[in-house]
Amino acid sequence: SVADASDTLTLASGAGTVIATGNVDFNGCTLADNGNTITFSGTGDETLVPPSSASTITELIINKNSGTFAVHTNALNTAKLTLTKAGGMTFNTGVTVSGTADSSLSDSAGAGAITFNGKVDAAGAVVFATTGTLTLGNDGTADVCTFTNGVSHTAGVTSLACALVTTNSAVTFGSTSYGVTVAKDTSISTGSGTISFAGAVTGSGYALTLVSDATSSPAVLFGS
């Protein structure tokens, strides 16, 4: 554990990047990172327990040549979340990416699976480039995944178990090579944005509810 309950952990201004090569536990403290970036780059499996307060991390980068990364216990709040590479990334708590004009959740073409086992609230358009499986939610429509300016994942399989919402922005999943699995009851609502599934959609026994008011035709597209 980095700090005891009620402590404030302050990172020096101008340090630039704080490198983590092991597990980090901020539970019980308030984090003041002063604009520093926190990067996980160890070779083994690493975990992060975010601050239990509403502290917002300026930027969290996952850039691992080997090993997995996971978030546990407390919700993650960050202005930027940059997913570069790892053997797999699992977010077991809610994830909020917002707070600045350039807030973003980005993924730059790694091969590991990316799993969100809770709610997601991300500002900006999000393009998942991983060739691994992208999982959004694990509790059906109780897990609300909000991608304000849209979301896409076409380089790998996508597994859905959430209520996915955009603000008049498109949702695009799958390709001729990669399909979409409906793992639990799922809904997608895009306002005036379109919904596209380029590959096969599977998930016996679960409901998939799609709501789009797009004026383009078709508003919902199955197949390339």
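This is a predicted model: local features need pLDDT of at least 70, side-chain atom pairs count only at pLDDT 80 or more; totals for chains, interfaces and linings use all residues.
Trainee: How much space lies in the largest cavity?

Mentor: A cavity is a set of points on a 1 Å grid over the protein atoms alone where a 1.4 Å probe fits but cannot get out, and its lining residues have an atom within 4 Å of a point. Points are joined across faces, edges and corners, and the volume is the space filled by probe spheres set on them. A search of the whole structure finds one cavity of 30 Å³ or more. The space in the largest cavity is about 40 Å³.

Trainee: Which strand gives the most residues to the lining of the largest cavity?

Mentor: The lining includes Leu 83, Thr 84 and Lys 85, and also Met 89, Asp 107 and Thr 130. Strands are DSSP runs of E with at least two residues, numbered from the N terminus. With three residues, the most is given by the strand spanning residues 80-85, β10.

Trainee: In β13, which residue is the bridge partner of Leu 81?

Mentor: Two strands pair if DSSP finds at least two bridges between them. On one side, β10 runs parallel to β7 (residues 59-63) through four bridges, and Leu 83 of β10 is the bridge partner of Ile 62. Four bridges also join β10 to β13 (residues 104-107), again in parallel. There, the partner of Leu 81 is Leu 105.

Trainee: Which residue in β7 is the bridge partner of Ile 38?

Mentor: Four bridges join β5 to β7, and these strands run parallel. In β5, Thr 37 and Thr 39 point one way while Ile 38 and Phe 40 point the other, and all are buried (under 20% relative accessible area, with a 1.4 Å probe and protein chains only). The partner of Ile 38 in β7 is Leu 60.

Trainee: How many residues does the largest nonpolar core have?

Mentor: A nonpolar core is a set of buried Ala, Val, Leu, Ile, Met, Phe, Trp, Tyr and Cys residues joined through side-chain atoms within 4.5 Å. Leu 60 is among the residues with the most contacts inside the largest core, together with Phe 91, Phe 116, Leu 136 and Phe 147. Beyond four places away in sequence, Leu 60 touches residues including Ile 38, Phe 40, Leu 48 and Leu 81 (contact being heavy atoms within 4.5 Å). The number of residues in the largest core is 42.

Trainee: Which residue in β8 stands opposite Leu 48?

Mentor: Strand β3 (residues 24-25) runs parallel to β6 (residues 46-49), with two bridges between them. Val 24 stands opposite Leu 48 there. Three bridges then join β6 to β8, also in parallel, and the residue opposite Leu 48 in β8 is Val 71.

Trainee: What is the relative accessibility of Asn 168?

Mentor: Asn 168 lies in the loop between β21 (163-165) and β22 (171-173). Asn 168 is not a glycine, yet has a positive phi of about 55 degrees. Asn 168 counts as partly exposed, at a relative accessibility of 48%.

Trainee: Is Gly 174 buried or exposed?

Mentor: Gly 174 lies in the loop between β22 and β23 (180-182). Not counting residues up to four places away in sequence, Gly 174 touches His 153, Thr 154, Val 180, Ala 198 and Gly 199. At 2% relative accessibility, Gly 174 counts as buried.

Key: Residues are numbered from 1 along each chain as its sequence is written. Side-chain values use heavy atoms; hydrogens and water are left out. Buried means under 20% relative accessible area, exposed over 50%, partly exposed in between (1.4 Å probe, protein chains only). On a 1 Å grid over the protein atoms alone, a cavity is a set of points where a 1.4 Å probe fits but cannot get out, and a pocket is an open set with protein on both sides within 12 Å along at least five of seven lines; lining residues have an atom within 4 Å of a point.
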